Amino acid sequence: MESDNPEAIRMKKEIDTLKDSRSQLINQIRDKRRRLRYKENEQVTVSRSLELDKDKSEAERSKARKLRRIKERLEFRISTEAASLSSEKELIRKINEVDAQLNEALKYVRLERKSGLVKRDIDECKQSIFELNKEITAIDSKLDELYDKLRTVLGIHRNRESPEVRRKQQTTHQQEINLEDIAVITRK
């Protein structure tokens, strides 16, 4: 639609800027949906792992608390006692063993924490998608108003028939052709 009307040119520029912002919002929604799918798959994986280790949860927590206390005592002994090199090496070996056991005991606690974080991320993604959809709806309504104003400025009259009415009219225009009309059928 080419026009020398300055009002129409201004409206066209405004429509173009709204379309650009709308396409940027759509790209953001695509990114958020991709992230949401990833997070939902991650949630399924984490929840399966949690269900497998469900019985261990409280036992592992108490074991982790005990191992932390042991590790703190050993580290305190290293920092405060004056000992020989061999005894310090032995304490360090014990600390490393306790560290390995502590890491094993903390796996379930870390999975629970990760599950909570993933749930929060999923909720944030859904909320963000909802907000972006509201913005797109607002832009769509502005675009509709601008297109209507542009049509009135340019003097274009729009046919207000619904899409269903147009489809019905198109189907009535097409004639149905039966195979009996085309071929001669002989009956025995």
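Student: How many helices and strands does the chain have?

Tutor: One begins with the inventory of elements. This is a predicted model, and its chain comprises 6 helices and 0 strands. Read from the N terminus, the order of elements is α-α-α-α-α-α. Of the 188 residues, 21% count as buried.

Student: What share of the contacts join residues at least 24 apart, among those between residues at least 6 apart in sequence?

Tutor: The share is 85%.

Student: How does the reach of α1 and of α4 relate to the span expected at 1.5 Å a residue?

Tutor: One sets the distance from first to last C-alpha beside the expected value. For α4, residues 107-154, the 48 residues reach 68 Å, close to the expected 70 Å. For α1, the 47 residues reach 69 Å, close to the 69 Å expected.

Student: At what angle do α1 and α4 cross, and how is their relation classed?

Tutor: The angle between the N-to-C directions decides the class. The axes of α1 and α4 come within 7 Å and cross at roughly 160°. Because angles over 145 degrees count as roughly antiparallel, α1 is roughly antiparallel to α4. The crossing of α1 past α4 is left-handed.

Student: How do α3 and α4 pack?

Tutor: Helix α3, residues 85-105, packs with α4 at an angle of about 40°, and their axes are 4 Å apart. The two helices are therefore oblique to each other. Asn-103, Glu-104 and Ala-105 of α3 make the contact with Lys-107, Tyr-108 and Arg-110 of α4.

Student: Which residues of α1 are buried, and against which helix do they pack?

Tutor: An α-helix has 3.6 residues a turn, so residues three or four places apart point the same way. The buried residues of α1 include Ala-8, Met-11, Ile-15 and Leu-18, and also Lys-39, Glu-42 and Gln-43. The buried residues of α1 pack against α4.

Student: Which residues make up the largest nonpolar core?

Tutor: In soluble globular proteins, nonpolar side chains tend to be buried together. Here the largest nonpolar core has 12 residues, among them Leu-25, Ile-29, Leu-132, Ile-136 and Leu-150. Both α1 and α4 supply at least two residues each to this core. Apart from it lies another core, of 10 residues, including Ala-64, Leu-91, Ala-105 and Val-109. Beyond residues up to four places away in sequence, Ile-139 touches Leu-18, Ser-21, Arg-22 and Leu-25.

Student: Is Ser-115 buried or exposed, and what is it in contact with?

Tutor: One compares the relative accessibility with the cut-off for burial, under 20%. Ser-115 lies in helix α4, and because its relative accessibility is 7%, Ser-115 counts as buried. Leaving aside neighbours within four places in sequence, Ser-115 is in contact with Gln-43, Val-46 and Leu-50.

Student: Where does Leu-67 lie, and which residues does it touch?

Tutor: Leu-67 belongs to helix α2, residues 57-80, and also counts as buried at 7% relative accessibility. Not counting residues up to four places away in sequence, Leu-67 touches Val-98, Gln-101, Leu-102 and Ala-105. Although Leu-67 and Val-98 are 31 residues apart along the chain, their C-alpha atoms are separated by 6.3 Å.

Note on methods. Residues are numbered from 1 along each chain as its sequence is written. This is a predicted model: local features need pLDDT of at least 70, side-chain atom pairs count only at pLDDT 80 or more; totals for chains, interfaces and linings use all residues. Side-chain values use heavy atoms; hydrogens and water are left out. The expected span of a helix is 1.5 Å times one less than its number of residues. Buried means under 20% relative accessible area, exposed over 50%, partly exposed in between (1.4 Å probe, protein chains only). Contact means heavy atoms within 4.5 Å. A nonpolar core is a set of buried Ala, Val, Leu, Ile, Met, Phe, Trp, Tyr and Cys residues joined through side-chain atoms within 4.5 Å. Axes are lines fitted to C-alpha atoms, for helices over the stretch in contact, and angles run from 0 to 180 degrees between N-to-C directions. Angles under 35 degrees count as roughly parallel, over 145 as roughly antiparallel, 65 to 115 as roughly perpendicular and the rest as oblique. A crossing is left-handed if the near helix is turned anticlockwise from the far one by less than a right angle, and right-handed if clockwise.
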